[in-house]
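Please look over the chain below before reading my comments.

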Amino acid sequence: MTDEQKQVFFDNWHNQWIRPEIDKRFDSTGVPDNFKIRECLVMLPRGQSPIVQFNDEFGWMVQNPNMSNGKILADFEVGQPIHLYDILKIDGVLPPTVNGERVAFMYLYWDGFHYQLFVDFLPNQPDYDSNDDRFTFSGSVIAHHLQNIIIERIVIWAKQHIAQIRGIGLWIATPLLPYPLSKIVERVDAGEPEEARRLLVEYCDSEFITDKLVKTWYPIKVFRDRQQVFDEAIQAHKCSLYHASISTLINHIEGVIVDWLHEHLPPSSKVEKKTKSRIAQFHDVLLTIPQFEYMYREALEATIGFLRENDNGATPFQIFNNWLDKIDPNFPSRHAISHGKYVPELYTEENSIKLFLLLDTICQFMMFYEVRVLGRDLGNIAEKANEPHSP
């Protein structure tokens, strides 16, 4: 539909279902100033009046969500709370019911930019049979929306504890969303930073780094050009040669950003010479990404803040003006390492993992830009990158 047709459709839908319910509820007092419709469920049981619910007045029954630590729903007692850090992924939801029977419904929700409407009229079809495969409910769209809500809440939670997260040399790292970042936040909030570190190292094993991180980078040219560098760093990491993996990766944090800016800035613009200015330039380019979801926008700000820091905190570019300055060992210091200052505490498995995570976070934001701004098909590029080359 055109924008005009969409507006007419939603106006009619609002007047038919939402306005009567609002009038019924608030006719005598007026609509409260703080009443905002984030989501709305309209259920249409046969032979009964419509049931209209807003926001927290309803929920969704979730079927077999992926849980952390190998748990399943049966491991939880009835009434036992399920926390954000217990959930890995919601793949599907069950259709709403009234008196135990599935009903037709319409579900309206705000996705951060637009209202979306999901409609299921199948239970009101004359030949509807709940045992007929033709009428199987697919709740994947709703499940995806609920998954995004979970991630948003984890990002909000992480933002509230950003000082504690930064204290262990982390940021809102996109490859750790939703889990284990949710559990890491819970641990630092509980005053158990060492437990948070242990969880990070256990979760980000060599298989995770190889398959979930590095193998996904090659659609981005500045990463693809460095394929041999990253492959060697992975091999060093797998062999516990963290001096080698960290020394190899640390300079490529700025390297991929600068090469990418040279590739994407217009000819009239020049890449800045100082690291801090380059990070700001990178930030400005990424802010042009359209319809940037809240969770990723906040993760971007946290990442840029982590890169931009220019003090003695645990960041890639912490200050190193004097040889005898104390170096925070919670993240590899590019300046100290490049100048040959040897701080044994920097060369750990944990810090090697963090460098892979930071590179992946940067790469993901580059992907957002190249897909949404430049319209590139990165999936096709990835397939070609993985094709065997002729001798």
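This is a predicted model: local features need pLDDT of at least 70, side-chain atom pairs count only at pLDDT 80 or more; totals for chains, interfaces and linings use all residues.

1. Residues are numbered from 1 along each chain as its sequence is written, and side-chain values use heavy atoms, with hydrogens and water left out.

2. The chain contains 15 helices and eight strands (DSSP runs, H or I of at least four residues for helices and E of at least two for strands, numbered from the N terminus). Its C-alpha trace spans about 80 × 55 × 55 Å along the principal axes.

3. Of the 391 residues, 46% count as buried (under 20% relative accessible area, with a 1.4 Å probe and protein chains only).

4. The largest nonpolar core has 103 residues (buried Ala, Val, Leu, Ile, Met, Phe, Trp, Tyr and Cys joined through side-chain atoms within 4.5 Å). Helix H14, residues 349–372, gives the largest share of this core, 13 residues. Another core, of 15 residues, lies apart from it and includes Trp-17 and Met-106.

5. Phe-223 and Trp-260 have the most contacts inside the largest core. Beyond neighbours within four places in sequence, Trp-260 is in contact (heavy atoms within 4.5 Å) with residues including Phe-282, Met-366 and Glu-370.

6. The mean positions of the 38 positive and 54 negative charges are 6 Å apart. Lys and Arg count as positive and Asp and Glu as negative, leaving out His and the chain ends; each charge is placed at NZ of Lys, CZ of Arg, CG of Asp or CD of Glu.

Conventions:
Buried means under 20% relative accessible area, exposed over 50%, partly exposed in between (1.4 Å probe, protein chains only).
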